[in-house]
Amino acid sequence: MKTKTFALALAGGTLLAALPAAAFADDDDDDRDGDVRRSGTFVVKKGQEIDGNITVRNGHVIIRGDVDGNVRQIGRGSVIVANSGSVDGNITERGNGGVNVRGDVDGNITELHRGTVKILRSADIDGNVRERGAGHLVVWRGADIDGNLSEGGAGRLIRR
């Protein structure tokens, strides 16, 4: 009887001791390893690091932190790289949305449908920028692009 009571007390104590650590682990998703796949909007917060690819269907991808991998948006929605955001990989948008870049991208940017690609003044892109659909490719003066600009669809290349 004493052995069963001791075993139950030990098991209960271990469970209770592990509970706060498990609760803390759920709240701490600032850094993530592995691929992310979502339906709906996904935000990489400022200071957050994602080590893997991001694929979002029918939602926006908003990058304020760091992504070490490729970013894909499929369907309705856009890809937004804020001033504080950086992507070390390629960005591909296949839908009705567009791509807006104010931060750093070390890779190629490709928009394949109706969306417009906007490269704003603060953008720093080490790769090619391509728009292949009906949308436009708009580049603001001051943007740093170390690659080629290509508008291959029905849209236009616009420099501001």
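Leaving aside neighbours within four places in sequence, Thr110 is in contact with Ile91, Thr92, Glu93 and Arg130, where contact means heavy atoms within 4.5 Å. The model is predicted: local features need pLDDT of at least 70, side-chain atom pairs count only at pLDDT 80 or more, and totals for chains, interfaces and linings use all residues. Residues are numbered from 1 along each chain as its sequence is written, and side-chain values use heavy atoms, with hydrogens and water left out.

**Thr110**
- Thr110 lies in strand β14, residues 109-111; strands (E, at least two residues) and helices (H or I, at least four) are DSSP runs numbered from the N terminus.
- Thr110 counts as buried because its relative accessible area is 8%; buried means under 20%, exposed over 50% and partly exposed in between, with a 1.4 Å probe and protein chains only.
- The side chains of Thr110 and Arg130 make a polar contact at 3.3 Å. Such a contact is a pair of N or O atoms within 3.5 Å; within protein, one must be able to donate a hydrogen and the other to accept it, and residues adjacent in sequence count only if both atoms are side-chain atoms.

**Chain overview**
- Of its 160 residues, 38% count as buried.
- The chain exposes about 9100 Å², of which carbon and sulfur atoms supply 48%; accessible areas come from the Shrake-Rupley method with a 1.4 Å probe, and for residues only the protein chains shown count as cover.
- Among contacts between residues at least 6 apart in sequence, 2% join residues at least 24 apart.

**Sheet from β2 to β20**
- Seven strands form an open sheet in the order β2-β5-β8-β11-β14-β17-β20, with parallel pairing; two strands pair if DSSP finds at least two bridges between them.
- At the edges stand β2 (36-39) and β20 (149-151), each pairing on one side only.
- Neighbouring strands of this sheet are turned by 5 degrees against each other on average, direction ignored. The axes are lines fitted to C-alpha atoms, for helices over the stretch in contact, and angles run from 0 to 180 degrees between N-to-C directions.
- Four bridges join β2 and β5 in the parallel sense; Val36 stands opposite Ile54 in β5, and Arg37 stands opposite Thr55 in β5.
- β5 also pairs in the parallel sense with β8 (residues 71-74), over four bridges, and Val56 stands opposite Gln73 in β8.

**Sheet from β3 to β21**
- A further open sheet of seven strands has the order β3-β6-β9-β12-β15-β18-β21, and its pairing is parallel.
- β3 and β21 (157-159) each have a single partner strand, so one side of each is left without a neighbour in the sheet.
- β9 and β12 run parallel and are joined by three bridges; the bridge partner of Val81 in β12 is Val101.

**Nonpolar core**
- The largest nonpolar core has 26 residues, and those with the most contacts inside it are Ile54, Ile91, Val101, Ile109, Ile119 and Ile125. Such a core is a set of buried Ala, Val, Leu, Ile, Met, Phe, Trp, Tyr and Cys residues joined through side-chain atoms within 4.5 Å.
- Elements giving two or more residues to this core include β3 (42-44), β5 (54-57) and β12 (99-101).
- Not counting residues up to four places away in sequence, Ile54 touches Val36, Phe42, Val44, Val61, Val67, Asn70, Val71 and Arg72.

**Gly142**
- Gly142 is found in the loop between β18 and β19 (144-145), and counts as exposed because its relative accessibility is 60%.
- The C-alpha atoms of Gly142 and Ile119 are separated by 9.6 Å, with the residues 23 apart along the chain.
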